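Subject: Structure handover

Hello,

Here is the structure we talked about. Please open it alongside this note. My findings follow below.

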Amino acid sequence: LKEFNRIFTRFNKINIRKDNQMFKKILILSVACLSLASCSSLNKDLSKEDALTEVEAYYKNINPSIAELKKDISNNSLSRDEELPDINKSYPYTVEGKGKVNAEIFVSSEKAGSGKDGILNEIAEDFNNQNYTINGETISVSIRSIPSGTAVDYISSKNYVPDGYTPSNTQWNYILNAKGTNTKEITDKLFGNTSGLLMKKEVYDNLINEFGEVNIDSLAKAVEKGKLLGYTNPYTSSTGLSLLTQLLYSFDKDNPISDTAKEQFKKLQENIPSTFVTTTQLREAAKSGTADILSISYQTYINTPEFADYKYIPLGIRQDSPLYSITNNTQKQEILKKFSEFVKNENNQNKASSYGFNQLNDYSFNEQTKDGNVLMSIQNLWKKNKNSSRPIVGVFVTDISGSMEGEPINKLKQSLLNSLQYINEDNYIGLVSYSSNVTINVPIDSMNNNQKAYFTSAIKGLTANGGTATYDGTLVAIKMIQDKLKEHPNARPVIFVLSDGETNTGHSFERVEPIIRSLGITVNTIGYNANLKELSKLSKINESVSIDAENNDVIYKIKELFNAEF
């Protein structure tokens, strides 16, 4: 509109004869229509053809520079222990005990979160208020809310070892034992819960009509016929690991990591668009109706309004929250036993039932394996083969503006360098950096050792200076991806924006939003001491991930994200 007003003012100064006033009005009207048409495209859906046309125009306008490619073959990978963030900053106590003798417990997120996901927080507070004693000394428990798979990483690496551990299901304990940590079962069940599937009701009815029941075999057949399945990262998610285990054993009941199982899994993955990293993504997929089938626990299902239109079917391993002792301290083991007994009293079990637990206690399921090494091999098979039939074509869009100077840019570089090890070779990735201007540091190519050497050199050379043209960088990445998709039309387009979110120059969000939506590009955002509201606008366009990566935990969070995506 500003441009139109400028043209209008200049046009009025032109000396046009009186008999040409109609011509003048027509020209003014034409300019106005063109201007309004351009503005209106910001507020409506674009066709794919129009989106591609706009990308071409923006790219020419931005005119990014092309960096010289250099190689660096040094190893910048961190150890498992180094990847893990400071536990007190990333997973602080949700309950802190003050007894003379205190037992600390790692608790899975559905039991130590907030609201109806905070049952063990409430019970622990109550337990501590009883002032129980053992041998004349007051006792208490402390609670840390931490995902089951992440807890395994802390404990097995000995980065941080609590006294007790209650994951969602037993599979994580098998993995922990296989990694060399001895545990002692205190109880096999604190609260009843199950893993299972959510299905659109018409999908459920169709499965019943065609196969007579919903089981793992009919699920696999439904996905092969085009039904969209969404599940969470089996490296951190209990429902994700449970579903993956069942699928692979259904492909080969004797050997879930055989070539037969692997090939069937790769075929299945052709109809699975992506892995969800968080439950928030599951909720968004249910709300928008973009997934036909979702993997989730019953307790999460019953407490999530967005899932009301879905049918729930228990399927897979139970999630009864077993409690294990990791400590050899007999007094702390006694505290864990006493706490377990307290959790199981009638009042606390009734409270748990009101929070969505203990609802499907008649459901039973036989575990296919108790071998943690097999479970880790299953995770590894998933990681290596989930994108083999539909690779990712993606770009890292890195903020090197002046506001990233210091710790943010150092952490960005360190986290990216470390995360290169989690990108499989069958994905095609490029690197863009931006401040006031945009640079293509590494063109998109197969992420083999040669490409990783280019990445390593380019990342190490990033320096912070200038303004923040986030959406210019994003538009350049879109153009690069669209060009590469001509070679790999079946690939999935993904952008990772790593920034502090403070855009102050270049094109606006309103320019890129309809383009990203039309082209179906996943845009994951990672914020460094960031304006998360600004970044989350990008990730919400197509139900992607927005990570609040404080300097402390960004390395581990990017690792988790890359394990899910690549």
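A word on naming comes first: helices (H or I, at least four residues) and strands (E, at least two) are DSSP runs, numbered from the N terminus. By that rule, P514 is found in helix α21, residues 509-519.

This is a predicted model, where local features need pLDDT of at least 70 and side-chain atom pairs count only at pLDDT 80 or more, while totals for chains, interfaces and linings use all residues. Residues are numbered from 1 along each chain as its sequence is written, and side-chain values use heavy atoms, with hydrogens and water left out.

**Overall**

The protein has 23 helices and 18 strands. It contains 566 residues, and 56% of them count as buried. Buried means under 20% relative accessible area, exposed means over 50%, and partly exposed lies in between (1.4 Å probe, protein chains only). Contact means heavy atoms within 4.5 Å. Take the contacts with a separation of 6 or more: 80% of them join residues 24 or more positions apart.

**P514**

P514 counts as buried, at 3% relative accessibility. I541 sits 27 residues from P514 along the chain. Their C-alpha atoms are separated by 8.7 Å.

**The core**

A nonpolar core is a set of buried Ala, Val, Leu, Ile, Met, Phe, Trp, Tyr and Cys residues joined through side-chain atoms within 4.5 Å. The largest one here has 46 residues. Y165, M199 and L219 have the most contacts inside it. Helix α11 (residues 238-251) gives the largest share of this core, seven residues.

M199 deserves a look. Leave out residues up to four places away in sequence, and M199 touches Y204, L207, V214, L219, D292, I293, Y310, K311 and I313.

Helix α11 also holds Y249. Y249 is buried, with a relative accessible area of 11%. Beyond its neighbours within four places in sequence, Y249 is in contact with P256, Q368, T369, V374 and I378. Y249 and Q368 are 119 residues apart in sequence. In space they are 7.5 Å apart, C-alpha to C-alpha.

**Helix pairs**

Axes are lines fitted to C-alpha atoms, for helices over the stretch in contact, and angles run from 0 to 180 degrees between N-to-C directions. Angles under 35 degrees count as roughly parallel, over 145 as roughly antiparallel, 65 to 115 as roughly perpendicular, and the rest as oblique. A crossing is right-handed if the near helix is turned clockwise from the far one by less than a right angle, and left-handed if anticlockwise. For residue classes, Ala, Val, Leu, Ile, Met, Phe, Trp, Tyr, Cys and Pro count as nonpolar, Asp, Glu, Lys and Arg as charged, and the others, Gly among them, as polar.

- α6 and α15. The axes of α6 (residues 119-129) and α15 (residues 330-343) come within 10 Å and cross at roughly 115 degrees. That makes the two helices roughly perpendicular. Their crossing is right-handed. From α6, L120, I123, A124, D126 and F127 meet I335, K338, F339, F342 and V343 of α15. The contact has eight nonpolar, no polar and two charged residues.

- α10 and α12. α10 (residues 216-224) packs on α12 (residues 259-269) at an angle of about 50 degrees, with the axes 8 Å apart. The pair is therefore oblique. A220, V223 and E224 of α10 make the contact with Q264, K267 and L268 of α12. By class, that is three nonpolar, one polar and two charged residues.

- α18 and α23. α18 (residues 407-419) and α23 (residues 554-565) pack at about 40 degrees, with their axes 9 Å apart. The crossing is right-handed. On α18 the contact uses K411, Q414, S415, L416, N418 and S419; on α23 it uses V554, I555, I558, K559 and F562. These divide into five nonpolar, four polar and two charged.

**Two positive phi values**

Which loop holds N63? It is the loop between α3 (48-62) and β1 (65-66). Phi of N63 is near 50 degrees, a positive value in a residue other than glycine. N63 is exposed, with a relative accessible area of 59%.

N135 lies in the loop between β4 (133-134) and β5 (137-145). Its phi is near 55 degrees, again positive in a residue other than glycine. At 71% relative accessibility, N135 counts as exposed.

Best wishes
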